Amino acid sequence: TAVGKVANVYMTVPAKGEGRGQVQVSVSGRLMTLTAVSAGPALPAFTSAKVVEVRDDGALVIEPVD
């Protein structure tokens with residue numbers, strides 16, 4: 001249910017393939033802090049990102065908000 005939602009980057013998410021960070025996103029009416037990886041460039045803390053996928057390991061794949 002997180003796909004398509006806007007998340008707030010809580011801990012910097014490195015560029016694609018360089019590691020993981022954390023985001024906060026509302027899922028089923030609850031604000032959750034979840035692991036995230038970038039689909040492209042690094043995303044600094046306190047920015048917004050869009051959730052584009054949920055991986056099998058539970059990590060959210062995010063990209064910058066246009």
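Trainee: Why is S28 called exposed?

Mentor: Set the value against the cut-offs: S28 has a relative accessible area of 61%, and exposed means over 50%, buried under 20%, and partly exposed in between (1.4 Å probe, protein chains only). Since 61% is over 50%, S28 counts as exposed. Before we go on, this is a predicted model, where local features need pLDDT of at least 70, side-chain atom pairs count only at pLDDT 80 or more, and totals for chains, interfaces and linings use all residues. Residues are numbered from 1 along each chain as its sequence is written, and side-chain values use heavy atoms, with hydrogens and water left out.

Trainee: Where is S28 found?

Mentor: S28 is in the loop between β2 and β3 (30-38). Strands here are DSSP runs of E with at least two residues, helices are runs of H or I with at least four, and both are numbered from the N terminus.

Trainee: What makes the phi of S28 worth a look?

Mentor: Its phi is near 55°, which is positive, and S28 is not a glycine. Most residues other than glycine have a negative phi. F46 also has a positive phi, about 70°, without being a glycine. F46 is placed in the loop between β3 and β4.

Trainee: Is F46 buried or exposed, and how do you know?

Mentor: F46 has a relative accessible area of 78%, so it counts as exposed.

Trainee: Which residues touch the most other members of the largest nonpolar core?

Mentor: That core has 13 residues, and V9, V13, V23, L60 and I62 touch the most other members. A nonpolar core is a set of buried Ala, Val, Leu, Ile, Met, Phe, Trp, Tyr and Cys residues joined through side-chain atoms within 4.5 Å. Strands β1 (6-11), β2 (21-27), β4 (48-54) and β5 (60-64) each give two or more residues to this core, and β2 has the largest share, with 3. As for L60, its contacts beyond four places in sequence include A2, V23, V25 and V51.

Trainee: How many helices and strands does the protein chain have?

Mentor: There are 0 helices and 5 strands.

Trainee: How do you know what radius of gyration a compact globule would have?

Mentor: The rule is 2.2 Å times the number of residues to the power 0.38, and the radius is taken over C-alpha atoms. For 66 residues a compact globule would come out near 11 Å, and the protein chain has 10 Å, so the two agree. The C-alpha atoms fill a box of roughly 30 × 25 × 20 Å along the principal axes. Of the 66 residues, 29% count as buried.

How values were computed
Contact means heavy atoms within 4.5 Å.
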